[in-house]
Amino acid sequence: MIYVDGVLFPDENSSSSLSSSSQGSSLLLDVMTHPVIISASESFKNLEEQRVTESCSRKDRYVYIFQREYAVVNPALVDFVGMDEATTCVGLVIRNRKSGVTSIAHMDSPKVVDLGISQMLSLVMEDDSDAEIDVHMVGGYEDVDLKNANGGGDYAKPEGYSFPLCCKLVETLQKRRENFHIKTLFILGNNTKLDAQGNACPIFNGCLVNTSTGDIVPASFNRSSRCPDELVRRIRVSASFDDPSWRGKLLDTYDTKNDRFIIEPCSWTMRLVEYVWELNQLPDEEILVNCSTSPSAEGPDFIDNERRIWKYLLKYPEWSKTFPKRQPRVFERTANGSWNSVF
């Protein structure tokens with residue numbers, strides 16, 4: 001169930017209360033046009049983007065997640081949790097109002113929404129099945145002109161990547177029994193601007209949550225703050241597509257109770273290594289077209305990040321070098337806030 005401004009949504013006057021094949025689309029559009037949500041989006045747009053660096057994590061305790069990952073954090077152990085690099089992806093935040101336990105996910109496909117939200121809720125709802133949950137979504141810019149899609153106004157089967165993902169997220173929350181209070185929907189048109197060349201792109205690509213207060217702000221992270229184990233965690237996103245044990249799931253990375261990262265082993269095939277060798281021969285423009293869902297909206301370090309991943313795979317074509325004896329890679333927080341590999 002979803003609530004807006006403390007009221008169960010939708011009511012009998014909402015178009016999304018009708019039974020139709022486009023119910024999920026109608027529900028999303030109804031929520032996004034609610035005056036309280038519009039006001040929240042305007043307020044979020046006017047916030048200054050917080051730039052997170054390694055020095056920030058030395059003052060406070062941070063947890064960062066990559067694409068298709070999620071983390072559940074305890075405010076007693078973690079001060080801030082965040083993500084970035086979202087274009088057609090969506091950062092989903094759910095927070096238990098009473099306990100402050102917060103989960104964040106970097107959703108990249110409708111296929112991971114159902115199981116992914118269940119994963120996120122597993123600890124957020126622990127010992128509190130009737131908890132009130134605050135929800136925020138940031139990302140998923142308008143990568144197609146929805147007003148003109150499919151002949152003007154038919155949202156049942158929209159093109160692009162962002163809209164189907166956002167529809168699935170809101171529809172899934174509405175169908176579940178938990179009490180979800182929608183606080184921020186900075187997605188689609190709310191999160192879209194035009195660049196100097198006239199291309200649509202996101203206003204913000206990420207967010208940061210203060211676990212004690214629940215406050216959320218737009219955020220970006222530099223390379224040193226996207227840790228620990230950046231390259232291996234990025235590689236797991238690609239490797240997970242061929243691993244049936246991860247089908248439909250988010251990647252579990254963070255150990256909530258012990259405030260440490262556990263990077264479970266993944267394997268990659270020589271086919272993937274051969275493929276990245278071919279990709280690495282391409283010029284930058286073709287890499288954008290072949291490797292991104294939003295070539296004109298990616299950040300300035302997108303291509304460099306891709307090439308660093310490929311360089312790692314070409315250097316370590318055998319996955320067992322990264323995960324000896326198929327054991328996880330474990331990182332614990334040090335006294336100065338950095339992460340140290342323990343095994």
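Predicted model: local features only at pLDDT ≥ 70, side-chain atom pairs only at ≥ 80, totals over all residues.
**Figure 1**

**Figure 2. The largest nonpolar core.** This view shows the largest nonpolar core, made up of 44 residues. Val63, Tyr254 and Trp268 are the residues with the most contacts inside this core. Several elements give two or more residues to it, among them strand 5 (69-73), strand 6 (80-83), helix 6 (230-240) and helix 7 (270-280). Helix 9 (302-315) is also on that list, and with six residues helix 9 gives the most to this core. A second, separate core of 40 residues can be found too, and its members include Ile133, Met137, Phe163 and Cys166.

**Figure 3. The surroundings of Tyr254.** Here we take a closer look at Tyr254, one of the residues with the most contacts inside the largest nonpolar core. Once neighbours within four places in sequence are left aside, the contacts of Tyr254 include Val63, Ala71, Val72, Val73 and Val78. Asp259, Arg260, Phe261 and Trp339 are in contact with Tyr254 as well.

**Figure 4. Helix 4 packed with helix 5.** Two packed helices are described by the angle between their axes and the distance between the axes. For helix 4 (residues 113-124) and helix 5 (residues 162-175), the angle is about 55° and the axes are 10 Å apart. That angle makes helix 4 oblique to helix 5, and the crossing of the two is right-handed. On the helix 4 side, look for Val113, Asp114 and Ile117, which meet Leu165, Lys168, Leu169, Thr172 and Leu173 of helix 5.

**Figure 5. Cys291 and its contacts.** Our last stop is Cys291, a residue of helix 8 (residues 284-291). Cys291 has a relative accessible area of 25%, so it counts as partly exposed. Beyond its neighbours within four places in sequence, Cys291 is in contact with Leu279, Phe302, Glu306 and Trp310. Gln174 lies 117 residues from Cys291 along the chain, and the C-alpha atoms of these two residues are separated by 33 Å.

How values were computed
Residues numbered from 1 in each chain as written. Heavy atoms only, no water. Core = buried A, V, L, I, M, F, W, Y, C linked by side-chain atoms within 4.5 Å. Buried < 20%, exposed > 50% of the residue type's maximum accessible area, 1.4 Å probe, protein only. Helix = DSSP H or I, 4+ residues; strand = E, 2+ residues; numbered from the N terminus. Contact = heavy atoms within 4.5 Å. Axes fitted to C-alpha atoms, helices over the stretch in contact; angles between N-to-C directions. Parallel < 35°, antiparallel > 145°, perpendicular 65-115°, else oblique. Left-handed = near helix turned anticlockwise from the far one by under 90°.
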